[in-house]
Amino acid sequence: MASPQLHLVSPNKAAPRASARTRDSKPSAKVVSKKSKSLPFKHLLGIEDMEACDIRTILDRAEYYMRSGRHLKRCSEALKGINVINMFMENSTRTRVSFELAAKRLGAEVTSISVAHSSIRKGETLIDTAQTLRAMAADLLVVRHPHSGAVQLLAEKLDCHVINAGDGFHEHPTQALLDAATIRHRKGRLEGLKVAICGDVRHSRVARSNILLLQKMGAAVRIVAPPTLLPDQPSLHGVDVFTDMREGLSDCDIVMMLRLQTERMQGIFVPSIREYFHFYGLTHEKLACARSDALVMHPGPMNRGVEIDSILADDLGRNLVHDQVEKGVAVRMSCLELLSG
Ligand code: NCD
């Protein structure tokens, strides 16, 4: 696999329009609206080409589902008659189940296939598998793939909607959206917050999507990592880079932790897990460098004793990891509904 870059592929372009990018304040009054808008693009491939107003539309609709508790039960016929296929070519627990629940709660027909059970194992190309699924009348394909850019390729070849559920180290847009929804729900805003993204930024699609989203919404983003785990070409415009964790966390509102993405590493990036935990593992003691009300986030799965101390992993007063999973269903309901609307 090629080494990670910060600009790998260009996701589908949003239709041009007059609206300017705007900064995020608090959830808008649209939250109470029962009628959803739609998005000006067919596929959800990445945050890169999304406008702040699209992000806000998705977050507002997710907020509606969260506030009404409607993400917890089958609540709508919005996707009745829509055939959603989840195609996961990489291991996944929470993202796959979250998309399944979201689609079912909107009344869709849902089928999930994973690499272990797909014909890709028998030598079929990704495009051929996808076209077979399309021939089975998929209206919306949710795809996770180990190669950056694979989801965009599918979107170009198929005429159904495609959602990127994580492609290589490129983007994971719905994770960034659910992180934003979680922050906005807890802090009331994104604009002006100081967010530190810590750990294996180099191999992380979550970091890339979050950096893009948070900057579009007016947050101040820092990354904190050992030099070996910083991206190759830090075209990190406007991002402050720290290699000392205590300095990087100073005065932050949100501390986002990342797992060491060993499945994407070629070579050795940290001398030892013990040393990595010593310098970059988040503990209550290091968290004390952040603001006293700072919250901890993690996309999961957490590796206790590697990037996060087990005691902090269980401290649900500070650690929003389960909150993120819960908000994820509402955010994916919002994305599915708005995209197919
Ligand atoms: C992330 C992913 O797959 O990129 N996890 C997730 O979607 N919940 C992060 C990770 O695997 O570490």
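A polar contact is a pair of N or O atoms within 3.5 Å, and within protein one atom must be able to donate a hydrogen and the other to accept it, while residues adjacent in sequence count only if both atoms are side-chain atoms. The model is predicted, so local features need pLDDT of at least 70 and side-chain atom pairs count only at pLDDT 80 or more, whereas totals for chains, interfaces and linings use all residues. Residues are numbered from 1 along each chain as its sequence is written, and side-chain values use heavy atoms, with hydrogens and water left out.

**Exercise 1.** Find which side chains place a polar atom by an oxygen atom of the ligand, and state how much of the ligand the protein covers.

*Solution.* Step one: a polar side-chain atom of His-172 lies 2.7 Å from an oxygen atom of the ligand, and a polar side-chain atom of Arg-259 also lies 2.7 Å from a ligand oxygen. Step two: for Gln-261, the distance from a polar side-chain atom to an oxygen atom of the ligand is 3.2 Å. Step three: on its own the ligand has 310 Å² of accessible area, of which the protein covers 94% (Shrake-Rupley method, 1.4 Å probe; for residues, only the protein chains shown count as cover).

**Exercise 2.** Describe the shell around the ligand by class and by helix.

*Solution.* Step one: the residues around the ligand (a heavy atom within 4 Å of it) include Arg-94, Thr-95, Arg-144 and Arg-205. Step two: the shell divides into three nonpolar, five polar and four charged residues (Ala, Val, Leu, Ile, Met, Phe, Trp, Tyr, Cys and Pro are nonpolar, Asp, Glu, Lys and Arg charged, the others, Gly among them, polar). Step three: helix 2 (94-105) and helix 6 (205-216) each supply at least two shell residues (helices are DSSP runs of H or I, at least four residues, numbered from the N terminus).

**Exercise 3.** Work out which space the ligand takes, and describe its lining.

*Solution.* Step one: the ligand takes the space of the largest pocket (on a 1 Å grid over the protein atoms alone, an open set with protein on both sides within 12 Å along at least five of seven lines; lining residues have an atom within 4 Å of a point; a molecule sits there if more than half of its atoms lie within 2 Å of its grid points). Step two: about 500 Å³ of space lies in this pocket (the space filled by probe spheres set on the points, which are joined across faces, edges and corners). Step three: 22 residues line the pocket, and the closest to its centre are Asn-91, Arg-144, Arg-205, Arg-259 and Glu-263. Step four: by class, the lining has six nonpolar, nine polar and seven charged residues.

Key. On a 1 Å grid over the protein atoms alone, a cavity is a set of points where a 1.4 Å probe fits but cannot get out, and a pocket is an open set with protein on both sides within 12 Å along at least five of seven lines; lining residues have an atom within 4 Å of a point.
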